[in-house]
Amino acid sequence: MVQATFRSGVEPPKNLAYVEWFSPFPNKPNPSHGLYHLTRADRHHAAVIPIDKLKSSIHLYPSYGAAV
């Protein structure tokens with residue numbers, strides 16, 4: 001199966017990461033709590049990429065509304 005996915009002579013990546021894409025960071029954080037508001041990307045919501053392509057990770061907090 002690997003041979004069907006990668007051309008001859010191309011070494012397949014050893015470790016992969018599942019990545020969910022979000023909007024870019026806005027210029028300023030929300031003034032009430034100091035956090036940035038992100039939304040899911042309009043296109044290409046997720047991808048599987050080689051782990052050596054990752055630059056950093058982030059932790060996302062859900063937006064709860066008036067009551068939790």
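## Salt bridges

The side chains of Glu20 and Arg40 are joined in a salt bridge, with 2.6 Å from N to O. Glu20 belongs to strand β1 and Arg40 to the loop between β1 and β2, so the pair ties together parts that are 20 residues apart in sequence. Glu20 has a relative accessibility of 36%, so this residue counts as partly exposed. Arg40 is also partly exposed, at 46% relative accessibility. The model described here is a predicted one.

How many salt bridges does a search of the whole structure find? The search gives two. Besides the pair of Glu20 and Arg40, there is a salt bridge between Lys14 and Glu11, whose closest N and O atoms are 3.0 Å apart. Lys14 is exposed, with a relative accessible area of 67%. Glu11 counts as exposed too, at 59% relative accessibility. The cut-off for exposed is over 50% relative accessible area, and therefore Lys14 at 67% falls in that class, whereas Arg40 at 46% is partly exposed.

## The largest pocket

The largest pocket has a volume of about 510 Å³. Its lining is made up of 18 residues, and those closest to the centre are Val19, Glu20, Trp21, Ser56 and Ile58.

Which element gives the most to the lining of the largest pocket? That element is β1, with four residues. Sorted by class, the lining holds 12 nonpolar residues, three polar ones and three charged ones.

## The second largest pocket

A volume of about 380 Å³ is found for the second largest pocket. This pocket is lined by 15 residues, and Tyr36, His37, Leu38, Leu60 and Tyr61 are the closest to its centre. By class, nine of the lining residues are nonpolar, five are polar and one is charged.

Tyr36 sits in the loop between β1, residues 16-20, and β2, residues 46-50. The relative accessible area of Tyr36 is 38%, so Tyr36 is partly exposed. His37 also has its place in the loop between β1 and β2. Is His37 buried or exposed? With a relative accessibility of 57%, His37 counts as exposed.

## A nonpolar patch on the surface

Phe25, Tyr36, Ile58 and Leu60 form a nonpolar patch on the surface. Together these residues have about 400 Å² of accessible area.

Members of the patch also turn up in the pockets.

## Separations along the chain and in space

His37, in the loop between β1 and β2, is 10 residues from Ala47 in sequence, and the two are 22 Å apart in space, C-alpha to C-alpha.

What is the place of Ser57? Ser57 is in the segment after β2, and counts as exposed at 64% relative accessibility. Ser57 and Pro12 are 45 residues apart in sequence, with 23 Å between their C-alpha atoms. Pro29 is in the loop between β1 and β2, and at 33% relative accessibility counts as partly exposed. Between Pro29 and Lys53 there are 24 residues of separation in sequence and 27 Å in space, C-alpha to C-alpha.

Terms used:
Residues numbered from 1 in each chain as written. Predicted model: local features only at pLDDT ≥ 70, side-chain atom pairs only at ≥ 80, totals over all residues. Heavy atoms only, no water. Patch = residues over 30% accessible without salt bridge, like charges linked within 9 Å, V, L, I, M, F, W, Y side chains within 5 Å. Areas by Shrake-Rupley, 256 points an atom, 1.4 Å probe, with all protein chains shown as cover. Salt bridge = Lys/Arg side-chain N within 4 Å of Asp/Glu carboxyl O. Helix = DSSP H or I, 4+ residues; strand = E, 2+ residues; numbered from the N terminus. Buried < 20%, exposed > 50% of the residue type's maximum accessible area, 1.4 Å probe, protein only. 1 Å grid on protein atoms, 1.4 Å probe; cavity = no way out; pocket = protein on both sides within 12 Å on 5 of 7 lines; lining within 4 Å. Points joined across faces, edges and corners; volume = space filled by probe spheres on them. Nonpolar A, V, L, I, M, F, W, Y, C, P; charged D, E, K, R; others polar.
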